Structure formats: structure tokens, C-alpha cells
Amino acid sequence: CHESVLTGPIETTMCDFETIESVNEELFGNLSELVEKPFFRYFQVDLYRECPFWPDDGSCNDPGCAITTLDEKDVPEKWRAKALSKVDPSSIEARHSLPGCYYRDSDFCFLDDNTEGEYFDLRLVPERYTGYSGKDAHRVWRSIYEENCFGLSELNLMTGKSPAPISLPDTMIEVLHEDGQDSDPQCLEKRVYYKVISGLHASISTHICHEYLNQTTGEWHPNLDCFISRVASHPERLQYIYFDTILLLRAVARLGPYLSAFDYCSTGTHEDDAETLKSLTKVIDIAKHAGAFDETILFRGENANVLKEEFKTHFRNVTRIMDCVGCDKCRLWGKIQTTGIATALKILFELDEKALDPHTNSDLLQRSEVVALMNTLYRFSESLQAVEEFRTMWRALDQKE
Ligand code: FAD
């Protein structure tokens, strides 16, 4: 591990980050193949649930926000609503229900109950600039960061209390950040919460800047200024993209045997299924090498369980806040990625080796959780690829000057 010689806001010097960088091209290649497979590309979700926190969701009327659903007949038969409704209810762990969704005690997110919701072909919905912005988008981000106030949050879905007024100014987001990082040095979990969210935010911003629409020419192109101002000029945001990637990789590594035993069949041809497993095996191998996240240092000590429950409640609320995102495309990827991260958190903090054993616990994860986990990792890996491209643009600019 060596110190990076290049200077500028896009560089990073941490060893873990170097490990990720050294494997990311291979990781991205394999994930790109994986997410093309039917198992990983069709996702069912109810995109039109009511926002539980405020009355209007500030709908984005920009055509970039619109999304096309998939006719169910184009989805492999195995996952159509009719087939899913045949699942034996006694095989489902005890769960808490809200209209259209539920969570189990071990979950960090709300999941769709598969009775409503439509299918989307994720490969037809790139995460990129949509035009969704302004006070409505800020309100969503702000309320997500406000979930960082451990012990103070008013947003309590479990008790059905009315939502807290979302009235903090933007600058308050920074205060909350600092709060999460400095003033409470004991609370590592609070810092982890902040890093996870900030990393997700930075990854989404990276996608927006990488596939940016020039509204004058109508052309899509990487926008270096956008990336510098939103991400690279805040080096910690870039670091948190790596942080989330490492967290996701560690979860995939732990879940390796379970993922290898998962049923990917009947999704296409026999050849297709074999290829799915092959790409997946490569991703798991890379994850074992590069997923250096140490989950054992979290949720230890006296109040560990209380803290974990609180962390879980906050993260579940984040998955519900996604229903308040006023842009269909952004909401879809917001839901997938918060579910993907929540699945990783569950694997790391809730499940021991026995629970992860595919032979004793084959119903551990829903298909939607596996799909969300791998697509989220794909998105982060794609962000890191984009960062590489921005670095090249930055160097070229630097040499010119
Ligand atoms: P925002 O990104 O809205 O940030 C608001 C404030 O948060 C900033 O002023 C800053 O103080 C702080 N902040 C910014 N980044 C970070 C960070 N990484 N860590 C900590 N603090 C930070 N738009 C699209 O075009 N395409 C999408 O696919 C898309 N998906 C979205 C998904 C979700 C869940 C949400 C909530 C929004 C999405 N948006 C999307 C909107 C997008 O994220 C921005 O809100 C929008 O582009 C306006 O950006 P902005 O520069 O005003 O700042």
C-alpha cells in the first residue's frame, strides 16, 4: 500500500481504497454480465405507495423522471404474481405489516409484500441525470440525514405518530453531519450511519454527473465540474463511496455459500443459468479478497442491542422515505439501493454463520433482497469506474494548464 502521488480532490490515499481500485475493473466486468441476466434484471416493486411523511411528494414532471413498466407476460413465469402468491405462508417468518409492505424483526428495511407493484427491467432504467432537484429533492435528503439523530428522531412509523415537521435549512445538514462525526466520538454506529448515507448520496451524484444532460445541446456527457462540486471537493464523500462498496463486498463474501446455493434456474436457458452462477462465483471471489469491512467492532458493549434496534428503525424509515421521492426513476433506484444496503446490514449485523447456512435456512432472503444487493453493488462499482474516468479528465485538464 503506497501513498498516492497525485494531488487534487479526486485522489485518495487509504490502503483499503487501493485494494478496491485494484479489483474494481474485474468486479465491474463481472457485475455487468451478472445484472444482464433475467434473475437480476427484473425487479418487482410498488412504486406508488403514499409518502408517509408529508402530503405532497413534489412530483417531477420532467420527462427524464418517467419510467416504463414491464408487461408481466415478459417476466419469467416463476416470478409472476400468481406464482408468488402460491408461496406457503407458514414458511414465512413472523412479520409486521403495513399496507403493501412488511418487515421482519431481523430486517433493516421494509419489503414489498408482492401483492401489488409492477415489474421493471432494470437494464432499461439507467441511473443518471433526470432533472429532479430543488426543494423537493432537498427535503428528501434532509429527512434521511435527520434519521442520524439517534435518540431524537420523531419519525416513528411503528407508533404511527405524525411526521416531524421537516423544517431544517440546508446548512443544518452539515451540522447534523458534524454532530454525527465529532461531538459524539463514542457513537461509532452513528458515524457508520452517516457514512452509509453520505456514500449513497455521493454515488447517486456521481451517476448524475457521469451521465449528465446538456440541456442546450441535448447531449449526454460526463460533467467534470458537476462531479468536482458535488463529490470530489468533499474528499470524505468520495471515501464513503468506497466505504459502502467495502461494506457491500463484505456482505457478499459472508453470503457466498448462500448465494451459490440460491435457485437461479428456470430463468432462461440452461446455459444462461450456468453463466449467471459463473459470474456470481467470480464476484464472490473478488468480494472475499476485497471486502475488508470489520463488522465485529460495531454494536458491542452495554447498549449494543438498544443501539442496533435504533439503527434498524432508522434505516427502515429511510426505506420508507423513498416513497417520498417525487421522481419515478430516482425512486426506483432509491428503493433498490436502500434495500440493497439494508440487506447487507442484515447479513453483517443480524445473521450468524448458522443463520447464513443455505442448508438450514434456505428461505433466509427474498429474491428481491438478492437482486437489490447485487444491483446496488453494481451501482457502486459503476460509480468507482466513473471516478476513474473523472480522474483521467482531471489529469488531462491539469496537463493542459
Ligand atoms: P443534493 O444532492 O440535493 O444535496 C443537498 C445537500 O446535501 C447539499 O447542498 C449538501 O449540503 C448535502 N450533500 C450533498 N451530497 C452529499 C453527500 N454525499 N454527503 C453529505 N452531504 C451531501 N437526480 C437525478 O438527476 N437522477 C437520479 O437518479 C436521482 N436519484 C435520486 C434518488 C434519491 C433517493 C433522491 C433523494 C434524489 C435523487 N436525485 C436524482 C436528486 C439528486 O440527488 C439531487 O437532489 C439533485 O440533483 C439536486 O442536487 P443539489 O446539487 O442541489 O444537491
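## Exercises on helix packing, ligand shell and sheet

The axes of helix α6 (residues 188-210) and helix α13 (residues 367-400) approach within 9 Å and cross at roughly 55°. The structure is a predicted model, in which local features need pLDDT of at least 70, side-chain atom pairs count only at pLDDT 80 or more, and totals for chains, interfaces and linings use all residues. Residues are numbered from 1 along each chain as its sequence is written.

**Exercise 1.** Classify the packing of α6 against α13 and state which residues make the contact.

*Solution.* Helices (H or I, at least four residues) and strands (E, at least two) are DSSP runs numbered from the N terminus. Axes are lines fitted to C-alpha atoms, for helices over the stretch in contact, and angles run from 0 to 180 degrees between N-to-C directions.

Step 1: apply the angle classes. Angles under 35 degrees count as roughly parallel, over 145 as roughly antiparallel, 65 to 115 as roughly perpendicular and the rest as oblique. With axes that cross at roughly 55°, α6 is therefore oblique to α13.

Step 2: assign the hand. A crossing is left-handed if the near helix is turned anticlockwise from the far one by less than a right angle, and right-handed if clockwise. The crossing of α6 with α13 is left-handed.

Step 3: list the contact, which requires C-beta atoms, placed from the backbone, within 7 Å. From α6 come S203, T206, H207 and H210, and from α13 come R379, F380, S383, A386 and V387. These residues comprise three nonpolar, five polar and one charged. Here Ala, Val, Leu, Ile, Met, Phe, Trp, Tyr, Cys and Pro count as nonpolar, Asp, Glu, Lys and Arg as charged, and the others, Gly among them, as polar.

**Exercise 2.** Describe how helix α8 packs against α12 and against α10.

*Solution.* Step 1: α8 (residues 235-254) and α12 (residues 328-349) have axes 9 Å apart, at an angle of about 55°. That angle makes α8 oblique to α12, and the crossing is left-handed.

Step 1: D244, L247, L248, R250, A251 and R254 of α8 meet I341, A344, I347 and L348 of α12. By class there are seven nonpolar, no polar and three charged residues.

Step 2: the axes of α8 and α10 (residues 270-290) come within 8 Å and cross at roughly 120°, again in a left-handed crossing. L249, V252 and A253 of α8 face V283, I284, A287, K288 and A290 of α10 in this contact.

**Exercise 3.** Which element gives the most to the shell around the ligand?

*Solution.* Step 1: a residue is near if its C-beta atom, placed from the backbone, lies within 6 Å. Of the 25 residues around the ligand, S133, A137, S198, C330 and G334 come nearest.

Step 1: two or more residues each are given by α4 (135-146), α5 (170-183), α6 and α12. The most come from α6, with six residues.

Step 2: the shell divides into twelve nonpolar, seven polar and six charged residues.

**Exercise 4.** Determine the strand order of the open sheet and which strands stand at its edges.

*Solution.* Step 1: two strands pair if DSSP finds at least two bridges between them. Four bridges join β2 (residues 95-98) to the antiparallel β3 (residues 101-104), with L98 partnered by C101.

Step 1: β3 and β4 pair antiparallel over two bridges, and C101 stands opposite D112 in β4.

Step 2: the order is β2-β3-β4. β2 and β4 (111-112) stand at the edges, each with a single partner strand, so one side of each is left without a neighbour in the sheet.

Terms used
Contact = placed C-beta atoms within 7 Å.
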